[in-house]
Amino acid sequence: MEIGISAFAETTPYPDSGTTLSHAERLKEVVEEIELADQVGLDVYGLGEHHRPDYAASAPAVVLAAAATRTSRIRLSTAVTVLSSDDPVRVFQQFATLDGLSDGRAEIMAGRGSFIESFPLFGYDLGDYDELFAEKLDLLLAIRDNPAKVTWAGGKHRAAIAGLGVFPLPVQQPLPVWIAVGGNPQSVVRAGTLGLPLALAIIGGMPEQFAPLVDLYRQAGRKAGHDESVLRVATHSHGFVAPTTAQAEAVHFKPYQAVMNQLGRERGWGHFSHTSYEAARSRRGALLVGSPEEVAEKILFQHEHLGIDRFMLHLSAGTMPHADVMKAVELLGTEVAPLVRKELG
């Protein structure tokens, strides 16, 4: 099973001091985190796309390209590319470029996005939320299947392409495209029907609650005639790892609570308290915070119940000291991943 990291390049205020990193500072930290993740043997790093002041990575492919020249083996992905508000031609060109710079380590993780800022920014109507994603995914896959000569009939939101090339060509044939979903059954069926690997965001509730969605995905894939080998499943969960549980919580809780309550005010969620945190940290909860042994145990729990092929730990949902994040990256690669791999044989 592959083990990696996802991140959003957050620039939220430090809870104790109220100070905020500049976007430039945070972007440089992210590149250092990716470089260390490569050095300690992690398999993948995914960087999310956002268009608001509390996140620095509105152009993940650029950040990943900076990391590509300082790494040698780690796969470089988005988490996610908000395909609904982007141009599939440009998305493919950016990631084909990244694929060349990294000698074939680029991936696109396409999603509809849980934040909506990109829609008005790029001139799209939120009323077309689902239709935009379906149409643009269709075009992206048409490009991926034959980038040297793309023929696409066109749609409501994008003109047709008649036998044109999209360059540069990627090293990987085809360039990997994952579908990221939160819990929508229709999205899961779409991924399975298309034979695309599935990434599930598990950031609340209990991981085993997602088992029916994984089953639905694999059933849809088999029904469409796809081999089991292409029906890969990844999960992405919030968490943090430190030498001890007490140290992990001391670093993680306040920044995480601040972010969850800020998003809660925007989305109408209830208050996220320390009691909420402890419930989420329980063995069956979705939050992976603790010692290397505890985090490994919870990754194995997800593998047991969901049969996952990849796990991605979202390390910093709120701004934490860079040294602590770097230590967490080191522990994930040198202690957590070996424990998981040993258990799985």
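**A friendly note on charged and aromatic contacts**

1. Glu 278 counts as partly exposed, with a relative accessibility of 32%. Here, buried stands for under 20% relative accessible area, exposed for over 50%, and partly exposed for what lies in between, using a 1.4 Å probe on protein chains only. The model is predicted, so to speak plainly about its limits: local features need pLDDT of at least 70 and side-chain atom pairs count only at pLDDT 80 or more, while totals for chains, interfaces and linings use all residues. Residues are numbered from 1 along each chain as its sequence is written, and side-chain values use heavy atoms, leaving out hydrogens and water.

2. What is the partner of Glu 278 in a salt bridge? The partner is Arg 281, with the closest N and O atoms 3.1 Å apart. (A salt bridge is a side-chain nitrogen of Lys or Arg within 4 Å of a carboxyl oxygen of Asp or Glu.) Arg 281 and Glu 278 are three residues apart in helix H9 (residues 274-281), so about one helical turn separates them. Arg 281 is buried, its relative accessible area being 13%. Helices (H or I, at least four residues) and strands (E, at least two) are DSSP runs, numbered from the N terminus.

3. Lys 156 and Glu 131 form another salt bridge, at 3.4 Å from N to O. Lys 156 is in the loop between strand E6 (150-152) and strand E7 (161-164), and Glu 131 is in helix H5 (residues 129-145), so the pair ties together parts 25 residues apart in sequence. Lys 156 is exposed, with a relative accessible area of 60%, whereas Glu 131 is partly exposed at 37%.

4. On to the rings, where a search of the whole structure finds seven aromatic pairs. In Tyr 256 and Phe 272 the ring centres are 5.5 Å apart and the planes at 80 degrees, so this pair is edge-to-face. Tyr 256 sits in helix H8 (residues 245-267) and Phe 272 in the loop between H8 and H9, 16 residues apart. Both Tyr 256 and Phe 272 are buried. (Rings of Phe, Tyr and Trp, its six-membered ring, pair if their centres lie within 6.5 Å; planes under 30 degrees apart are stacked, over 60 edge-to-face and the rest tilted.)

5. Tyr 256 has a tilted pair with Tyr 277 too, 6.3 Å centre to centre and 55 degrees between the planes. Tyr 256 lies in helix H8 and Tyr 277 in helix H9, so this pair ties together parts 21 residues apart in sequence. The relative accessibility of Tyr 256 is 3%, which counts as buried, and Tyr 277 is buried at 0%. Ring pairs gather Phe 253, Tyr 256, Phe 272 and Tyr 277 into a cluster.

6. Finally, a charge and a ring: the charged end of Arg 267 sits over the ring of Phe 115, 4.6 Å from its centre. (This needs NZ of Lys or CZ of Arg within 6 Å of the ring centre and within 35 degrees of the ring normal.)
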